[in-house]
Amino acid sequence: MANSSCVTEFFLLGFSSLGDLQLVLFVIFLCLYLIILSGNITIISVIRLDHSLHTPMYFFLSVLSTSETFYTIVILPKMLINLLSVLRTLSFVSCASQMYFFLGFAVTNCLLLGVMGYDRYAAICQPLHYPILMSWRVCGQLAAICVVSGFLISLLGTIMVFSLPFCGSNKVNHYFCDISPVIHLASAETYINQLVIFIGGVFVLVVPLTCICISYGFIVSTILKIPSTEGKQKAFSTCASHLIVVIVHYGCASFVYLRPSAKYTTGKDRLVTVTYTIITPLLNPMVYSLRNKDVQLAIWKMIGKTGFSVKTL
């Protein structure tokens with residue numbers, strides 16, 4: 001792809017307009033990055049080590065946490081370096097690679113959230129058939145489909161952007177190589193490319209979100225039929241964490257990607273992008289650990305075992 005382009009590297013403007021405030025942002029984003037890594041790694045470890053969490057719901061949560069971890073690794077380390085550096089360049093291939101992996105993990109997350117909605121539907125609305133509907137074989141296949149589909153869609157989006165000629169400015173008005181700020185630099189008509197990307201965005205965001213809404217429609221209907229108040233609260237609590245993550249993730253992603261690229265506004269879009277590249281991965285472990293008693297208990301058990309081991313040594 002690089003052979004047809006005049007541009008050999010891109011310059012990421014990032015937060016350069018903020019001047020000395022970049023140092024403050026560096027400290028804030030570094031702390032958030034460390035919390036994201038430790039939170040997601042804790043959830044992955046706890047689910048792996050605690051046999052009581054070896055269920056489809058927690059299996060998909062561990063896959064989501066793994067995807068979220070790599071999702072942030074693709075973006076945040078380079079962003080942190082750029083906050084302290086004047087040299088903010090990325091080679092043409094590095095920019096394309098960053099976009100490919102970012103979109104791959106982002107789409108995977110969207111599809112996983114849709115599958116997790118279906119899992120809650122099967123558990124609450126079809127409890128007798130749940131072991132068959134969500135067998136370990138089915139769970140593995142669904143997770144694999146999410147990952148493979150995510151990176152195939154990402155490959156299409158990346159090709160649609162970087163197959164264009166880039167012979168003008170190389171200044172990307174963003175802190176990473178996202179679709180809209182990069183495609184704005186193209187030296188050719190981008191209508192068809194943007195249309196294909198938009199259709200892909202509709203498929204990735206609207207289809208899973210529609211499935212989630214339908215699933216929760218059936219879930220609410222089933223929960224309201226439960227006679228005991230305690231039973232209703234327990235059923236709602238298993239869905240609340242998932243719903244919070246869904247609302248934030250799909251809300252922010254839809255704002256940025258479900259509209260023509262021509263309407264891209266740097267300041268507002270950058271703020272929203274920070275939300276779904278930093279806040280959502282941060283929200284995921286916090287929501288699932290703070291609101292979920294099973295995960296809390298498993299964490300305390302793991303801490304207890306670690307403490308016992310240290311005392312023994």
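## Cys-139 in helix H5

Cys-139 is a residue of helix H5 in this predicted model. Its relative accessibility is 0%, so Cys-139 counts as buried, a term that applies under 20%. When neighbours within four places in sequence are set aside, the contacts of Cys-139 are Pro-56, Phe-59, Phe-60 and Met-134.

Gly-217 stands 78 residues away from Cys-139 along the chain, and the C-alpha atoms of these two residues are separated by 23 Å.

## Ser-154 in helix H5

Helix H5 also holds Ser-154. With a relative accessibility of 1%, Ser-154 is likewise classed as buried. Apart from neighbours within four places in sequence, Ser-154 is in contact with Met-99, Tyr-100, Leu-103 and Gly-104.

## The pairing of helices H3 and H5

Helix H3 covers residues 92–125, and helix H5 covers residues 136–162. Their axes come within 7 Å and cross at roughly 145°. The crossing of H3 and H5 is right-handed. In the contact of H3 with H5, 20 residues are nonpolar and six are polar, while no charged residue takes part.

## Leu-113 in helix H3

Leu-113 belongs to helix H3. The relative accessible area of Leu-113 is 1%, and the residue is therefore buried, being under 20%. Not counting residues up to four places away in sequence, Leu-113 touches Leu-64, Ile-212, His-242, Val-245, Val-246, His-249 and Tyr-250.

A further reference point is Val-274, which is 161 residues from Leu-113 in sequence. In space, Leu-113 and Val-274 are 20 Å apart, C-alpha to C-alpha.

## Tyr-130 in helix H4

Helix H4 consists of residues 130–133, and Tyr-130 is placed in this helix. Tyr-130 has a relative accessible area of 16%, which means that the residue falls under 20% and is buried. Setting aside neighbours within four places in sequence, the contacts of Tyr-130 are Pro-56, Met-57, Asp-119, Arg-120, Ala-122, Ala-123 and Ser-135. Pro-56, listed here for Tyr-130, is also in contact with Cys-139.

Leu-30 lies 100 residues from Tyr-130 along the chain. The C-alpha atoms of Tyr-130 and Leu-30 are separated by 42 Å.

## Thr-277 in helix H9

Thr-277 is found in helix H9, which runs over residues 266–290. The relative accessible area of Thr-277 is 2%, so Thr-277 is buried, being under 20%. Leaving out neighbours within four places in sequence, Thr-277 is in contact with Tyr-71, Thr-72, Phe-102, Tyr-175 and Phe-176.

Between Thr-277 and Leu-155 there are 122 residues of separation along the chain. The C-alpha atoms of Thr-277 and Leu-155 are 20 Å apart.

## Secondary structure of the chain

The chain contains 10 helices and three strands. Read along the sequence, these elements follow the pattern β-α-α-β-α-α-α-β-α-α-α-α-α. Helices H3, H4, H5 and H9, described above, are among them.

## Overall dimensions and surface

The C-alpha trace of the chain spans about 65 × 50 × 30 Å along its principal axes. For a compact globule of 313 residues, the radius of gyration would be near 20 Å. The chain has a radius of gyration of 21 Å, and the value therefore agrees with that of a compact globule.

Of the 313 residues in the chain, 47% are buried. The accessible surface of the chain comes to about 15,400 Å², and carbon and sulfur atoms account for 72% of this surface. Among contacts between residues at least 6 apart in sequence, 80% join residues at least 24 apart.

Technical notes
Residues are numbered from 1 along each chain as its sequence is written. This is a predicted model: local features need pLDDT of at least 70, side-chain atom pairs count only at pLDDT 80 or more; totals for chains, interfaces and linings use all residues. Side-chain values use heavy atoms; hydrogens and water are left out. Axes are lines fitted to C-alpha atoms, for helices over the stretch in contact, and angles run from 0 to 180 degrees between N-to-C directions. Helices (H or I, at least four residues) and strands (E, at least two) are DSSP runs, numbered from the N terminus. A crossing is left-handed if the near helix is turned anticlockwise from the far one by less than a right angle, and right-handed if clockwise. Ala, Val, Leu, Ile, Met, Phe, Trp, Tyr, Cys and Pro count as nonpolar, Asp, Glu, Lys and Arg as charged, and the others, Gly among them, as polar. Buried means under 20% relative accessible area, exposed over 50%, partly exposed in between (1.4 Å probe, protein chains only). Contact means heavy atoms within 4.5 Å. The radius of gyration is taken over C-alpha atoms; the globule rule is 2.2 Å times the number of residues to the power 0.38. Accessible areas come from the Shrake-Rupley method with a 1.4 Å probe; for residues, only the protein chains shown count as cover.
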